[in-house]
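Biologist: I've just opened this one and I'm new to it. Can you walk me through it?

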Amino acid sequence: MSVLYTNSGVGADQSPLAGDFTTLTGAAGLRRISNKFAVIAAQDSGAYVNTVTPPNDQYAKVTIDTVGGSDAGPACRMSTTQMSCYFPTSAGSSTEISLISLVNGSFNFEDTDLAVYVAGQELYIEAQGTTILTKLAGVTINTATDASLTSGRGGMFMFDATIRFTNLEIGDFQAADTLIGQFIQ
């Protein structure tokens, strides 16, 4: 794996995020508040990193700072022209995390498994070919096969007004990396 971008979240409050970030088409913007990433208001909100263009096989991860609600996650293959990406979310459940494909504004549940967001844990999503998976604290929680989105940027997609993230990281996979290697980390 190769890290292409990192952002701890530390910096002056900013609403909406600018500089390295572009608001996802069709979504509301995100903000930085008290050195954490958050929504501006409880609505579909997203931003992708505009300073790097990862290859099609990519990952995004964040550290969960404040759980509150947990309808939010790191996102990969974020479109630069429409409201499309892959992201994990609890979607209002207190006991399940779902892997979502958001395609041109339409939400599709690809896989749902028992797990809960915990402050301090890392939330991760990767897309390699048509295999999409999510991890919480290094443990794979969702896997799906989906060919809806084949390229895009990394970033975050959020709805809940109380969840906060830090430590956004976007990266890619080197030729020797395989999905099998990702499952046994």
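Modeller: Let's start inside: alanine 75 stands opposite glycine 155 in strand 14. Strands here are DSSP runs (E, at least two residues) and helices are H or I runs of at least four, numbered from the N terminus. This is a predicted model, where local features need pLDDT of at least 70 and side-chain atom pairs count only at pLDDT 80 or more, while totals for chains, interfaces and linings use all residues. Residues are numbered from 1 along each chain as its sequence is written, and side-chain values use heavy atoms, with hydrogens and water left out.

Biologist: Okay, how do strand 7 and strand 14 pair, and over how many bridges?

Modeller: Strand 7 and strand 14 (residues 153-158) are antiparallel, with five bridges. Pairing means DSSP finds at least two bridges between two strands. Alanine 72, for instance, has methionine 158 as its bridge partner in strand 14.

Biologist: Which strand does strand 14 join through four bridges?

Modeller: That's strand 5 (residues 45-49), also running antiparallel to strand 14. There, alanine 47 has methionine 156 as its bridge partner.

Biologist: Is strand 14 buried or exposed?

Modeller: Six of its six residues are buried, so strand 14 is largely enclosed by the rest of the structure. Buried means under 20% relative accessible area, exposed over 50%, and partly exposed in between, using a 1.4 Å probe and protein chains only. Strand 7 (residues 72-78) is largely enclosed too, because seven of its seven residues are buried.

Biologist: Which way do the residues of strand 14 point?

Modeller: Arg153, Gly155 and Phe157 point one way, and Gly154, Met156 and Met158 the other. In a regular strand, side chains alternate between the two faces of the sheet.

Biologist: Switching topic: what about phenylalanine 109, buried or exposed?

Modeller: Phenylalanine 109 counts as exposed because its relative accessibility is 54%. You'll find phenylalanine 109 in strand 10 (residues 106-114).

Biologist: And what is phenylalanine 109 in contact with?

Modeller: Skipping neighbours within four places in sequence, phenylalanine 109 is in contact with Ala91, Ser98, Leu99 and Ile100. Contact means heavy atoms within 4.5 Å.

Biologist: Where does threonine 23 sit, and what is it in contact with?

Modeller: Threonine 23 is in strand 2 (residues 21-23). At 29% relative accessibility, threonine 23 counts as partly exposed. Between threonine 23 and glycine 73 there are 15 Å in space, C-alpha to C-alpha, and they are 50 residues apart in sequence.

Biologist: Zooming out, how many helices and strands does the protein have?

Modeller: One helix and 15 strands. Buried residues make up 49% of the 185 residues.
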